[in-house]
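Reader: Could you walk me through this fold slowly, please?
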Amino acid sequence: VRAPKLASLGFSLVGGRLLPGPNGAAAQFMYEDASGRRVTLFFEPSPNEKETAFQYTSLEGLNSFYWLDNRISYALVGDLPREALTPLAHEIYRQLNA
């Protein structure tokens, strides 16, 4: 999996990690904008789950979009407002499905 490029939206990749998950390897990419705001994209295999459209949630100042596509679960999390997180989620989805 290649890290999505978010420079057109003002975010650059600052790092990534390969992590263990319950269904195999998981990965995490962290992005940062010029003002230091960060978002993290986490994904892992989810072979037994059904596909879902974008879902949004907010908890204790962190906002996230999550979805399931092609048996992989994705979560984009950050302290950005929903209006700023939405285009990032759509761009990530577009690049991963190109």
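Author: What follows goes from the sheet to its pairs and then to the helix. This is a predicted model, in which local features need pLDDT of at least 70 and side-chain atom pairs count only at pLDDT 80 or more, while totals for chains, interfaces and linings use all residues. Residues are numbered from 1 along each chain as its sequence is written, and side-chain values use heavy atoms, with hydrogens and water left out.

Reader: In what order do the strands of the open sheet come?
Author: The 6 strands run β1-β2-β3-β6-β5-β4 with antiparallel pairing; strands (E, at least two residues) and helices (H or I, at least four) are DSSP runs numbered from the N terminus, and two strands pair if DSSP finds at least two bridges between them.

Reader: And which strands stand at the edges?
Author: Those are β1 (11–21) and β4 (52–59), and because each has a single partner strand, one side of each lacks a neighbour in the sheet.

Reader: What does helix α1 touch?
Author: Helix α1, residues 82–96, packs on the sheet and touches β1, β3, β4, β5 and β6, where contact means heavy atoms within 4.5 Å. Its direction makes about 25 degrees with that of β5, taking axes as lines fitted to C-alpha atoms, for helices over the stretch in contact, with angles from 0 to 180 degrees between N-to-C directions.

Reader: Back to the strands: what is Ser 73 in β6 opposite?
Author: Leu 68 stands opposite Ser 73, and Ser 73 is also the bridge partner of Glu 44.

Reader: How many residues lie between β5 and β6 in their hairpin?
Author: There are 2, and in this hairpin Asn 70 takes a positive phi near 50 degrees.
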